[in-house]
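Please consult the sequence and the structure shown here.

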Amino acid sequence: MSLVLRPPTPADAVRWWQTAVDPEQRQLGAPAFVAAPRSPEDVAVRLSVEPPAPIQPQSYVVVDDDAPEHLLGDVGWRWAGHEQLGVADIGYSVHPDARRRGVARGAIALIFELLTADPLGPRLARVQLDHSIENPASCRAASAAGLAIEGRRPAFLPLRGADGVVRHH
């Protein structure tokens, strides 16, 4: 399994825009204060004006070394508070046909390594993950990847079920 990274380009604008305006993404993924781009052209302009930083909050595709064209899942990160604190929140998803094969554990371990120890990474002080208490598989994956359970955070995330209670790693 390997993590494939590449910077976004203006050629990504249409798919990036489609994701940004997707109703489920707007409801569950993007904070309410983040305005969706009005068109793919808005995204293309931003991509052509702002060259990507070497390491910045973003998502990566998770693939198997033997089939690099076959997406197994994704993993991404964002700043948890001010970036000077050096803390990142991570999240991941696994394609249904790739579940129960160690993809989540591998994705978490790879992003953790990139963010904390990779010489080309940001060398962050802390990486953390929250998941619904209704998802024991995510708990096992995070623990197996080396993220210790630190507790529960009631009403922390707007999740279905569990009243937003999450387990914090």
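Does Glu-150 count as buried, partly exposed or exposed? At 46% relative accessibility, Glu-150 counts as partly exposed (buried is under 20% relative accessible area, exposed over 50%, partly exposed in between; 1.4 Å probe, protein chains only). The model is predicted: local features need pLDDT of at least 70, side-chain atom pairs count only at pLDDT 80 or more, and totals for chains, interfaces and linings use all residues. Residues are numbered from 1 along each chain as its sequence is written, and side-chain values use heavy atoms, without hydrogens and water.

**Loop residue Glu-150**
- Glu-150 lies in the loop between helix 5 and strand 7 (151–153); helices (H or I, at least four residues) and strands (E, at least two) are DSSP runs, numbered from the N terminus.
- Leaving aside neighbours within four places in sequence, Glu-150 is in contact (heavy atoms within 4.5 Å) with Arg-126, His-168 and His-169.
- Glu-150 and His-168 are 18 residues apart in sequence, yet their C-alpha atoms are 5.5 Å apart in space.

**Helix 4 and helix 5**
- Ala-104, Arg-105 and Ile-108 of helix 4 meet Ala-141, Ala-142 and Ala-144 of helix 5.
- By class, this contact has 5 nonpolar, no polar and 1 charged residues (Ala, Val, Leu, Ile, Met, Phe, Trp, Tyr, Cys and Pro count as nonpolar, Asp, Glu, Lys and Arg as charged, and the others, Gly among them, as polar).

**Accessibility of two tryptophans**
- Trp-77, at 5% relative accessibility, counts as buried, whereas Trp-79, at 24%, counts as partly exposed.
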